[in-house]
Amino acid sequence: MFALSTLTSGNNFGKLALWAKHMNFKIMSSTSFHKMQRTYLISTVDEYWEKQQREVLSSFEGHKLIVMGDGRNDSPGHSAQYCSYTMMEYDSKKILTLRTLDKRSTDRKSTNMEKVGFEQAIQKLTDNNIAVEEVVTDAHLGIGSIMKKKYPEIKHSHDIWHAAKNLGKRLGKIVKKKANQILIPWLKDIVNHFWFACSKADSYEEFLSIWRGVLHHITNKHEWILSQGTGINGCLHDPLDENEVREKPWLSTSDHARVLQDLSAVILDKRFLSKVSYYLNYRTTADIEVFHQLILMYCAKRFAYTPPVYRIRNLLAAIDHNYHSNRPLKTNKDGEIRYHRCYNKKSKRWSVFPEKVAKTYGYVPEIAEMLYKKRIKDKVGMGKKMVLEEGDPRRLAKHLAPESPPSTSAIVQAKQTRFKRK
Ligand SMILES: [Zn+2]
């Protein structure tokens with residue numbers, strides 16, 4: 001029970017052992033914990049997840065699903081060892097599959113892990129006869145090419161938050177030029193206009209017609225003749241009140257010709273426009289990012305885990321997420337929903353979220369039951385020799401360093417000579 005609850009509560013044995021020492025509690029030894037983890041815990045969590053995953057997948061049989069996918073590296077960029085790739089159903093937010101990858105299995109290239117994770121995840125869905133009609137990811141090049149080559153019949157959308165953020169970055173670049181600083185008060189509105197255009201438009205043409213309107217609007221022109229002479233177009237906002245005090249300066253086509261030129265280079269950028277079809281369904285992967293925070297509770301960044309332990313700690317996060325995904329909202333005595341407020345340091349604004357009832361962790365006794373049965377039925381016990389499971393990256397290479405390490409005594413000697421020189 002001690003070993004299992006160490007894992008299910010996202011704890012680390014070393015820290016708990018220290019806590020017990022300070023409290024003068026006698027607990028199991030580190031060796032026993034790790035033996036128990038290796039012999040029983042890993043396979044039990046795997047089996048419990050398999051069972052939950054089968055139930056989730058079969059509940060979607062016969063439906064056409066929108067799924068979102070995103071990867072999370074255990075540390076940024078090239079130094080990452082592990083990547084967790086999650087695929088979630090868009091409406092219910094249930095996790096359909098979760099893959100954990102080690103960089104030893106992708107030629108030691110951290111950057112390949114996300115693509116391989118995506119490939120394995122979507123394959124898992126296909127193998128289980130899940131009909132996917134749309135996939136939502138961020139704009140990852142490798143994933144884009146898999147979708148085009150292997151799944152051309154599935155609609156591919158990109159996370160609109162990423163696009164809005166990139167647009168903001170590109171606008172931020174042009175206002176670094178002194179002459180363009182008149183645009184600064186407009187930046188937020190331009191990005192909002194992008195969100196608006198994506199939410200309104202159903203086709204590229206429709207998007208473009210709304211989107212490029214910003215170049216007219218900013219010069220206080222709210223109706224204009226189309227360039228092909230095919231008619232008149234206009235802003236979609238209500239008529240402006242001329243007496244209203246303006247916070248943002250209008251631009252003049254004559255005085256600010258260069259500014260408008262720089263702005264339109266961003267607004268009508270060919271690469272940017274070529275991606276518009278990915279945003280028209282107005283999708284985000286924000287819910288997976290929320291789940292990635294939960295993974296952190298189970299796999300804290302400062303600790304090193306072996307591949308199977310990293311995997312089951314991720315799976316425990318997924319089990320926790322799926323088990324609690326339909327939690328009801330908390331209400332007070334009068335039946336009103338309770339909210340808690342939250343301050344966003346970045347936007348410097350307060351917002352409110354409905355409170356949910358506390359988690360019950362009802363799956364923990366179920367896992368415990370499976371675990372105890374496994375122990376009772378096992379005739380050999382924890383003394384048995386364990387072989388690395390198939391696909392364990394430690395079969396490919398024992399260490400993370402690209403070459404095998406020198407012996408410890410050789411490192412000690414090298415260190416001593418280095419210090420003698422001083
Ligand atoms: Zn306008």
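Q: Into which domains is the protein divided?
A: The protein is divided into domain 1 (2–78 + 88–157 + 295–324 + 359–370), domain 2 (161–278) and domain 3 (332–357), with bounds that come from an automatic or database domain assignment. This is a predicted model, in which local features need pLDDT of at least 70 and side-chain atom pairs count only at pLDDT 80 or more, while totals for chains, interfaces and linings use all residues. Residues are numbered from 1 along each chain as its sequence is written, and side-chain values use heavy atoms, with hydrogens and water left out.

Q: How far apart are the C-alpha centres of domain 2 and domain 3?
A: They lie 34 Å apart.

Q: Switching to the metal, which residues coordinate the zinc ion?
A: The zinc ion is coordinated by His217 through ND1, His222 through ND1, Cys235 through SG and His237 through NE2, at 1.9 to 2.2 Å. Donors here are N, O and S atoms within 2.8 Å of the metal (3.2 Å for Na, K and Ca), and water is not among the atoms, so sites may look incomplete.

Q: And what is the geometry of the zinc ion's site?
A: The site is tetrahedral, with angles of 100 to 122° among its 4 donor atoms; four donors count as tetrahedral if all angles lie between 85 and 135 degrees.

Q: How are the donor residues spaced in sequence?
A: The spacing is H-x4-H-x12-C-x1-H. Within that set, His217 in helix H9 (residues 213–217) and Cys235, in the loop between strand S7 (232–234) and helix H10 (257–267), are 18 residues apart and link distant parts of the chain. Helices (H or I, at least four residues) and strands (E, at least two) are DSSP runs, numbered from the N terminus.

Q: Is His217 buried or exposed?
A: His217 counts as buried, at 16% relative accessibility, where buried means under 20% relative accessible area, exposed over 50% and partly exposed in between (1.4 Å probe, protein chains only).

Q: Which residues of helix H8 are buried?
A: In H8 (residues 204–211) they are Phe207, Leu208, Ile210 and Trp211. These residues are on the same side of H8 because they cover an arc of only 165° around the axis, the arc being that of the directions from the helix axis to the C-beta atoms.

Q: What covers them?
A: The cover includes helix H6 (160–174), helix H7 (187–200), H9, H10 and H11, with contact meaning heavy atoms within 4.5 Å.

Q: Where is Ile143, and what does Ile143 touch?
A: Ile143 is found in helix H5 (residues 141–150) and is buried, with a relative accessible area of 0%. Not counting residues up to four places away in sequence, Ile143 touches Tyr85, Glu114, Lys115, Phe118, Thr137 and His156.

Methods:
Four donors count as tetrahedral if all angles lie between 85 and 135 degrees; four count as square planar and six as octahedral if opposite donors are over 155 degrees apart and all others between 65 and 115; anything else is irregular.
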